[in-house]
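Here is a briefing on one protein model. Look at the structure first, then work through the points by topic.

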Amino acid sequence: MNPKIKTLFKQKKTKFTIILGSGFHKQALGQNSILSSWEKLLKQQDSAIELTDCYPLDFEQLIIRRAQNQSISTEKASHQIEDVISEEICFDLKCAQQKALKFDKEKYPAGIFNPEYVSDVISLNFDTLALELCAEKAGVEITSLEPIPFSYKGKKLEGVFFYEVKFSNTQSIRFWFPHGSILDNSKVTLGTRNYAMRLAIVEKLREYSKSKDREERQNDNFNIVTSWYHQLTHNPVLILGADMSTSEWDIWFALVNRERNFSKGSTMDFKYPIFQMRECESIYKVQSTWFKPLFTGVKFDKQWSELEKIFNKKRI
C-alpha cells in the first residue's frame, strides 16, 4: 500500500471522500452484469449498437436509432424517447440490484463504509446498492432515508442532494449521486446534452466552495453547508472501482479546479492526495500524475480485501 495513505489513516481528524465506480460491482458479480458493465447495460437496450467508449455519445445513439426506427403514426420527439429509455434503464438496474442484494450481498466489500475514516461517497453508478449496504451496516432502514437538498443563498440547486447514513449522533456518511440514481428516474444523467448542462451546476458548487460566506460559517463554527464538489476538492480522495473515463465531465471539471487551486507554491502544502485503485501504470494517462496508486503489483480482488482490513482497524 502507498505509505502516504497509511499516514492519513493515522490522522484522527482526516476523513476520505470515496469516488465509487462500477468496479465495486465487478468485484462481487464479475463482468457479466449490467451493474458492472456499461457496455452490457447499453447493449441490453440495443444489441446492434456500435459503442465508442464515450457513453454519453453512445446514449445519444440509442435515442437517434430508436427515433429513426419508429413509425410515423406513433412518432415521439427525441426528448420523449430519452425519457422512455432512461426509465427502461432504471427499471433494469433496479431488477439487477434486487437480485444482487438477494444472492450476492456477502460478496461486496462493504467494510469500506466506516464513518471513522469516510465522510462522503460520490457514486458514479446509477444504482443505490452501496447506499443499501452502508445503511444495513449502520442499522438504518433504507426506507427512512430522504434526499437532503443542497441550498445556496436560500435556493435549492436542482439535482444536488445527498442521503445521510447515521451511525451515531457524531458519525455519518453522506452518499452523493451527481449523475442521479434509480431512486429518481427523472434525475438520471446519461446523454451528452444533459452532461453539458450539468456543468453550469458544478460551476455554482465551485463558487460556493470558494465563497466568503462559506469561510465565515466555518470560522464561526456554524453548521456548514457542503456539497460533493467541496468534499472532492478539500478531502483526501480514494478512487475505487473507477477508471475515471474522460466522459465524466463534471467530475473532471472539479478535479481540474482542484489542481488549479493547489498548484501554486503557497497552496501546495494544503493539497490532499488522490489515490486510485488500479492494477498497472501508464505514463500516457493524466491519472499517473494526478492520482497516486493505492497499491502496486496487487490484483483488484486483493486490493479490496486489504482495504477492508485497514478500514476495520480502529484509530489509535
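Tryptophan 304 sits in helix H12, which covers residues 300–312. Helices here are DSSP runs of H or I with at least four residues, strands are runs of E with at least two, and both are numbered from the N terminus. The model is predicted: local features need pLDDT of at least 70, side-chain atom pairs count only at pLDDT 80 or more, and totals for chains, interfaces and linings use all residues. Residues are numbered from 1 along each chain as its sequence is written, and side-chain values use heavy atoms, with hydrogens and water left out.

**Around tryptophan 304**

- Is tryptophan 304 buried or exposed? Tryptophan 304 counts as buried, because its relative accessibility is 3%.
- Buried means under 20% relative accessible area, exposed means over 50%, and partly exposed lies in between (1.4 Å probe, protein chains only).
- Tryptophan 304 touches several residues, among them Leu20, Phe24, Pro109, Leu240 and Met277, not counting residues up to four places away in sequence.
- A contact means heavy atoms within 4.5 Å.
- Tryptophan 304 and isoleucine 49 are 255 residues apart in sequence, and their C-alpha atoms are 33 Å apart in space.

**Aromatic rings**

- A pair of aromatic rings is described by the distance of the centres and the angle of the planes.
- Rings of Phe, Tyr and Trp (its six-membered ring) pair if their centres lie within 6.5 Å; planes under 30 degrees apart count as stacked, over 60 as edge-to-face and the rest as tilted.
- How many aromatic pairs does a search of the whole structure find? The search finds 14 aromatic pairs.
- Phenylalanine 161 and tyrosine 163 form an edge-to-face pair, at 6.0 Å centre to centre and 85° between the planes.
- Phenylalanine 161 is buried at 13% relative accessibility, and tyrosine 163 is buried at 6%.
- The rings of tryptophan 252 and phenylalanine 291 are stacked, because their centres are 5.7 Å apart and their planes are at 25°.
- Tryptophan 252 is in helix H10 (residues 249–261) and phenylalanine 291 is in strand S8 (residues 291–293), so this pair ties together parts that are 39 residues apart in sequence.
- Tryptophan 252 is buried at 12% relative accessible area, and phenylalanine 291 is buried at 0%.
- Ring pairs also link Phe24, Tyr108, Phe113, Phe175 and Trp304 into a cluster.

**Helix H5**

- Helix H5 has 26 residues (78–103); at 1.5 Å a residue it should span 38 Å, which agrees with the 38 Å between its end C-alpha atoms.
- The expected span is 1.5 Å times one less than the number of residues.
- Buried residues in H5 include Ile81, Ile85, Ile89, Cys90 and Leu93.
- The buried residues of H5 pack against helices H2 (23–29), H3 (38–45), H4 (55–69), H6 (129–138) and H7 (192–209).

**Cysteines**

- A search of the whole structure finds zero disulfides; a disulfide is a pair of cysteine sulfur atoms within 2.5 Å.
- Cysteine 95 is in no disulfide, and the nearest cysteine sulfur, that of cysteine 90, is 11 Å away.
- Cysteine 95 is partly exposed at 35% relative accessible area, whereas cysteine 134 is buried at 0% relative accessibility.

**The sheet**

- Eight strands form an open sheet with mixed pairing, in the order S3-S4-S5-S2-S1-S6-S7-S8.
- Two strands pair if DSSP finds at least two bridges between them.
- Strand S3 (148–152) and S8 are the edge strands, and each pairs on one side only.
- Strands S1 (residues 16–20) and S2 (residues 118–123) pair in the parallel sense over five bridges.
- Leucine 20 has serine 123 in S2 as its bridge partner.
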